[in-house]
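Here is a structure to read closely.

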Amino acid sequence: MIVRLSGLLATRYSSNLLAHEAAFAMGQMQDTEAIAALGSFLNDLSLHPIVRHEAAEALGAIGLESNIPLLQNSLLVDPAPEVQETCEFALKQIQELKAVVDGDGTSKTEKSPFMSVDPAAPVSSCSSVDELRNVLLDEEKCIYDLYAALFALRNHGGDTAVSAIIDSLC
C-alpha cells in the first residue's frame, strides 16, 4: 500500500520535494516491496536529481545485495554528479552492511539512537570530536567518510560536536 501511494506521489505531482520525501520514507521503512518503485525513480531521468538521489539512498538503506546492479547502472549512466555520488555511498553502505552481519544474519552494527537508517555507519564512538571535526573538514575525504563523521558527531551531541558540524558548513 505505501509503495503504491509513494509511487503515485512521485509521478502524479510536480513537487520534487514530495517525491523526494516519498523515496526517503520508503528507505527508512526498509520495506523490500519498495525496491521496484525506488528502482523506477532512480532510472527515470525525467525526475529531478534530488528525487533520484533519494531513491539511491533509500536502496542503500534497504541494504540488499540485489540492489547493487540498480545502483551500479545509475552510477554509470546518470548524468547528475549528486546521483552518482549517492550511488557510490549506497554501494559502500550495502558492502559494509554485508561485512558486519553475523553468521546467523543479525547485524553487529549499532542502531542509530535517533531511530533512523543512516546512509553511512557512524565512525567509531571512540573517535574524539576533534578527530571527527578534522575528518569532516578534510576536502580530500570521500563522501562516505564525511557522512560517517557527520553521523558520529550527531550521535555524540553536545556543543563541541554541534560547533564541528557548523564549521563544516562554513
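**Reading the labels**

In this predicted model, helix H7 (residues 129-137) packs with helix H9 (residues 159-169) at an angle of about 10 degrees, and their axes are 9 Å apart.

Q: Why are H7 and H9 called roughly parallel?
A: Their angle is about 10 degrees. Angles under 35 degrees count as roughly parallel. H7 and H9 are therefore roughly parallel to each other.

Q: Which residues of H7 and H9 meet?
A: From H7 come Val 129, Arg 133, Leu 136 and Leu 137. From H9 come Thr 160, Ala 161, Ala 164, Ile 165, Asp 167 and Ser 168. The residues of this contact divide into six nonpolar, two polar and two charged.

Q: What makes the pair Asp 167 and Arg 133 a salt bridge?
A: The closest N and O atoms are 2.9 Å apart. The cut-off is 4 Å, so the pair qualifies. Asp 167 is in helix H9 and Arg 133 in helix H7, 34 residues apart, and the pair links distant parts of the chain.

Q: Why do Asp 167 and Arg 133 count as partly exposed?
A: Partly exposed runs between the buried limit of 20% and the exposed limit of 50%. Asp 167 has a relative accessible area of 31%, so it is partly exposed. Arg 133 is at 28% relative accessibility, so it is partly exposed too.

Q: How many salt bridges does the rule give?
A: The count comes to three. One joins the side chains of Asp 78 and Arg 52, at 2.6 Å from N to O. Asp 78 lies in the loop between H5 and H6 and Arg 52 in helix H4, so this pair ties together parts that are 26 residues apart in sequence. Asp 78 and Arg 52 are both buried.

Q: What makes Arg 154 and Asp 118 a salt bridge?
A: Their side chains meet at 2.6 Å, N to O. That is within 4 Å, so the pair counts. It links distant parts of the chain: Arg 154 is in helix H8 (residues 143-156) and Asp 118 in the loop between H6 and H7, 36 residues apart.

Q: Which residues touch the most other members of the largest nonpolar core?
A: They are Met 26, Leu 38, Phe 41, Leu 42, Leu 59, Leu 71 and Cys 87, out of 24 residues in this core. The elements giving two or more residues to this core are helix H2 (16-29), helix H3 (35-43), helix H4 (49-62), helix H5 (68-77) and helix H6 (81-99). H4 gives the most, with six residues.

Q: What does Cys 87 touch, not counting residues up to four places away in sequence?
A: Cys 87 touches Leu 42, Ala 56, Leu 71, Ser 74 and Leu 75. A second, separate core has nine residues, including Val 129, Ala 149, Ala 161 and Ala 164.

Q: Why does Lys 92 count as partly exposed?
A: Lys 92, in helix H6, is at 32% relative accessibility, so it counts as partly exposed.

Q: Which residues does Lys 92 touch, not counting those up to four places away in sequence?
A: Lys 92 touches Cys 142, Tyr 144 and Asp 145.

Technical notes. Residues are numbered from 1 along each chain as its sequence is written. This is a predicted model: local features need pLDDT of at least 70, side-chain atom pairs count only at pLDDT 80 or more; totals for chains, interfaces and linings use all residues. Side-chain values use heavy atoms; hydrogens and water are left out. Axes are lines fitted to C-alpha atoms, for helices over the stretch in contact, and angles run from 0 to 180 degrees between N-to-C directions. Helices (H or I, at least four residues) and strands (E, at least two) are DSSP runs, numbered from the N terminus. Angles under 35 degrees count as roughly parallel, over 145 as roughly antiparallel, 65 to 115 as roughly perpendicular and the rest as oblique. Contact means heavy atoms within 4.5 Å. Ala, Val, Leu, Ile, Met, Phe, Trp, Tyr, Cys and Pro count as nonpolar, Asp, Glu, Lys and Arg as charged, and the others, Gly among them, as polar. A nonpolar core is a set of buried Ala, Val, Leu, Ile, Met, Phe, Trp, Tyr and Cys residues joined through side-chain atoms within 4.5 Å. Buried means under 20% relative accessible area, exposed over 50%, partly exposed in between (1.4 Å probe, protein chains only).
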